[in-house]
Amino acid sequence: MMSFEEFKSKALNEFKDFLPEPYCNYEIEVRPVNKLNRTLTGICVISESAKGGPCVYLETMFEVYQYNGSFDETMRHFADCIEEGFQQIPTVPKLDLASVEDKVVFNVINANYNDELLAKVPHRLFGDLAVIYRVAVEVTDLKFASFVIDDSLAKHLGVDENALYELSQKNTQGLFPAKIMRFEDHFAEVMRKQGVPENVVKAQTKEMKAHSERKMFTVSVRAQLGGNALLYADVLGKVAKKLGSDCYIIPSSVEEIIVLPAELPVEHLASMLADVNDNELRPSDILSYNIYKYSLADGSVKIAESDAA
């Protein structure tokens, strides 16, 4: 089994040999790519006619290699990914404001983990989170294709961060509605996706509801935009009314948030969140280490203060 550096050297030298025609004749560009919460090493196959092309990532390739133990099999798999990427490249809209203004959406991400990205894009801070902006190129039940609006694109479009925020407020929730579920029902849905037998799912869900001391809800947004729910004021207000009180919000992952009555100690919830972040989530799935609080009185959302404060 090769080390990462050995794998990287071999992959950079040989990956092109695994690409089918005509992609094996295209230019290969290796560059750092800012993804959420981390920077990956992209191997990008560039079509001269399209002035771009799909990328695969060395770190992901290495994870697959560690799993299957075969360098050649790993290269063939990601060569197939490149071919599929070229076949599925969506039509990019004209890059003028009139063409994209109804496609601008916001994306709530962790600020600390994305400082390199934030240095290059219009954004606003929100607690320990940041709001960045994307152009949604293709949105279906199965696919979300988008690109981040960086400073140069914003300048080209003639918009500042405030204008992007206003546009995204009009578009985001319509394109990416929130899904509210009782926590137990959400847990049942996860178990079904994992292939747990239905009788087991029903029994565990019934047991959880019978012994639950307080109602909890999950609010999810597809395409790993769960953090956006923190800016869906009407959705949070609806959940708070169901609970009949101010709420604590656990930013459990980029997939969803958990909302519960503001009763348990903040430190206890923060400790549970940190444990999940550190031991169960991939770094790319972490949204925050802080608990947030929703005020039923004024609809505000801010980092919850420690009970000892």
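What percentage of the 309 residues of the protein count as buried?

1. The answer is 42%, where buried means under 20% relative accessible area, exposed over 50% and partly exposed in between (1.4 Å probe, protein chains only).

2. A word on the basis: this is a predicted model, in which local features need pLDDT of at least 70 and side-chain atom pairs count only at pLDDT 80 or more, while totals for chains, interfaces and linings use all residues. Residues are numbered from 1 along each chain as its sequence is written, and side-chain values use heavy atoms, leaving out hydrogens and water.

3. The protein has 11 helices and 13 strands (DSSP runs numbered from the N terminus: helices are H or I with at least four residues, strands E with at least two). Its C-alpha atoms fill a box of roughly 65 × 50 × 35 Å along the principal axes.

4. Among contacts (heavy atoms within 4.5 Å) with a separation of 6 or more, 61% are between residues 24 or more positions apart.

5. Now please look at Glu 161, which is found in helix α7 (residues 161-175). Glu 161 is buried, because its relative accessible area is 17%.

6. What does the side chain of Glu 161 make a polar contact with? The partner is the side chain of Tyr 133, at 2.4 Å. A polar contact here is a pair of N or O atoms within 3.5 Å; within protein, one must be able to donate a hydrogen and the other to accept it, and residues adjacent in sequence count only if both atoms are side-chain atoms. Leaving aside residues up to four places away in sequence, Glu 161 touches Pro 122, His 123, Arg 124 and Tyr 133.
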